[in-house]
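The sequence and structure are shown first.

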Amino acid sequence: MPTLNGKLEGSFTQAGMEETLYSITIDNCSGSLPVWNPELVAIFSKDKKVFEAWIDPMEENEDAIFFGQPLRVVDLNQDKQNEILLMGGGAGQGISVETAHLLKVENQKLVYVKDFGTVYEDQCDAGFEQPYVLASVIYFSGLNSQNEPQFKIENFEKSCAEESEYKKSDKKFEE
């Protein structure tokens, strides 16, 4: 059963093109397959499909093994071709996590610009003695000498108490 994860407008396959990106998850209605379902990323220019990538997170390959929910398009290196900021995540045993990835289309393949890994973790329902919520703020800090985007990441933590507020933290996500 296909589910639309998101749709973004931008220029993905060629500089300056007006294109639409669709992210679709193919869910298994029977529930007999693992949690990670195959995804389809399709890019159209008007009514013509110009790019398609099937992603099966259960198979290893050198291309992107995860897509998720597309949130935003950016052109960090100002080449008139958009990078794609994605979020994905899940929950289990009382812990919710979110991951962030920055991808682009290069040579008709989806490739990672930056895999930020886990950027949010909520342990409040896990039954831990001192549960907390840890969240990252990601800052674009410019381009290096190879015209590659650089980032700064700061983590913020709060307790699970109802009135608690986020405070800057040195705590890191466990991978």
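## Hairpin of β7 and β8

In the hairpin that β7 and β8 form, two residues lie between the strands, and N107 has a positive phi near 55°. The model is predicted. The two strands run antiparallel and are joined by 11 bridges.

## Hairpin of β6 and β7

β7 also pairs with β6, again in the antiparallel sense, over nine bridges. I84 has L103 in β7 as its bridge partner. These strands make a hairpin too, with two residues between them. Its turn contains Q93, whose phi is positive at about 55°.

In a regular strand, side chains alternate between the two faces of the sheet.

## Nonpolar cores

Which residues touch the most other members of the largest nonpolar core? They are F12, F51 and L110, in a core of 13 residues. Four strands each supply at least two residues of this core: β3 (39–45), β4 (48–55), β6 (83–92) and β7 (95–106). The strand that gives the most is β4, with three residues.

Another core, of six residues, lies apart from the largest one. Its members include V74, L76, L102 and V119.

## Disulfide

How many disulfides does a search of the whole structure find? The search finds one. It joins C124 to C160, with an S to S distance of 2.0 Å. The link between C124 and C160 is left-handed, with -90° about the S-S bond.

The two cysteines are 36 residues apart, and the pair links distant parts of the chain. C124 sits in the loop between β8 (109–122) and β9 (132–143). C160 sits in the loop between β10 (149–159) and β11 (167–169).

Are these cysteines buried, exposed or partly exposed? C124 has 28% relative accessibility, so this cysteine counts as partly exposed. C160 is also partly exposed, because its relative accessibility is 28%. The class follows from the cut-offs: buried means under 20% and exposed means over 50%, with partly exposed in between.

Notes. Residues are numbered from 1 along each chain as its sequence is written. This is a predicted model: local features need pLDDT of at least 70, side-chain atom pairs count only at pLDDT 80 or more; totals for chains, interfaces and linings use all residues. Side-chain values use heavy atoms; hydrogens and water are left out. A disulfide is a pair of cysteine sulfur atoms within 2.5 Å. Buried means under 20% relative accessible area, exposed over 50%, partly exposed in between (1.4 Å probe, protein chains only). A nonpolar core is a set of buried Ala, Val, Leu, Ile, Met, Phe, Trp, Tyr and Cys residues joined through side-chain atoms within 4.5 Å. Two strands pair if DSSP finds at least two bridges between them.
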